Amino acid sequence: GEGEEQPPIGLGDPMGIYKVTKDSNGDRILNITGEVYAGLTSKKSYSDYHMTLLFKWGEKKYEPRLERKRDCGLLYHCYGSHGAFWNVWKRCLEYQIQEGDFGDLYNLGGTFSDVPVGENGGWDPSSNLFKKRNSKKSIDYESQHGEWTRVDLYVIGDKAIHVTNGQVVLALTNAQSHDGEKLTSGQIQLQSEAAECFMKDIHIRPISKFPDKLKKEAGLE
């Protein structure tokens with residue numbers, strides 16, 4: 001069945017959806033319950049950066065995704081008002097984190113970008129066919145359930161590269177806002193989307209250009 005649509009809780013976290021704990025090694029772990037759709041939003045906006053995190057699924061699932069794949073997401077270039085998309089998230093680009101679909105691109109709230117796609121609909125840097133919205137990664141490199149998956153996001157200007165466990169899975173150019181403005185910066189939101197999950201070692205580092213090897217693999221030369 002479908003979960004019932006509820007009025008937004010608003011800013012703050014009265015349900016304790018996001019909580020930081022320490023594991024047996026003393027590492028800080030961001031616990032995301034997934035109980036409701038929500039977003040943990042950075043206070044700052046970011047541009048020209050390399051973001052990394054380790055991600056792992058928990059066991060619990062909630063409506064409306066009890067019978068569906070576990071889902072989460074790394075939202076970047078977030079701008080405008082909270083709740084612009086589904087009364088929850090800002091307008092943005094999404095590095096999709098979903099079972100079997102790590103690194104897909106979703107364009108939330110009317111944003112768009114150019115992704116070269118092959119005949120199978122997946123990202124193909126050699127293709128001359130471009131998709132403007134919601135593009136599939138090339139291959140899924142997600143770790144086995146219960147193990148950590150490394151997520152890397154590289155952003156320079158209006159271009160971005162999605163990397164899963166060290167493998168380039170999608171690259172986009174010409175990121176634009178819903179009103180056609182060049183989209184080169186914004187806040188970051190970490191989703192809660194009906195599945196329990198964990199993140200750790202979250203880092204954002206400024207960069208001035210894409211690493212040469214990555215640029216070549218992404219077909220952005």
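In what order do the 5 strands of the open sheet lie? The order is S3-S13-S5-S6-S7, with antiparallel pairing. Strands here are DSSP runs of E of at least two residues, numbered from the N terminus, and two strands pair if DSSP finds at least two bridges between them. The structure is a predicted model, in which local features need pLDDT of at least 70, side-chain atom pairs count only at pLDDT 80 or more, and totals for chains, interfaces and linings use all residues. Residues are numbered from 1 along each chain as its sequence is written, and side-chain values use heavy atoms, with hydrogens and water left out.

Strand S2 comes next. Of the 5 residues of S2 (residues 28-32), 4 are buried, so the strand is largely enclosed by the rest of the structure; buried means under 20% relative accessible area with a 1.4 Å probe, counting protein chains only, while exposed means over 50% and partly exposed lies in between. S2 is joined to strand S1 (residues 18-22) by 5 bridges in an antiparallel arrangement, with tyrosine 18 opposite isoleucine 32 in S2. The hairpin of S1 and S2 has 5 residues between the strands, and glycine 26 takes a positive phi near 85 degrees there. S2 is also joined to strand S14 (residues 195-206), through 4 bridges and again antiparallel; here isoleucine 29 has lysine 200 of S14 as its bridge partner.

Strand S12 (residues 167-176) is likewise mostly covered, with 7 of its 10 residues buried. Strand S8 (residues 112-116) pairs with S12 in the antiparallel sense over 2 bridges, and phenylalanine 112 has glutamine 176 in S12 as its bridge partner. Strand S11 (residues 159-164) and S12 are also antiparallel, pairing over 5 bridges, and the partner of alanine 160 in S12 is leucine 172. The hairpin of S11 and S12 has 2 residues between the strands, and asparagine 165 takes a positive phi near 50 degrees in this hairpin.
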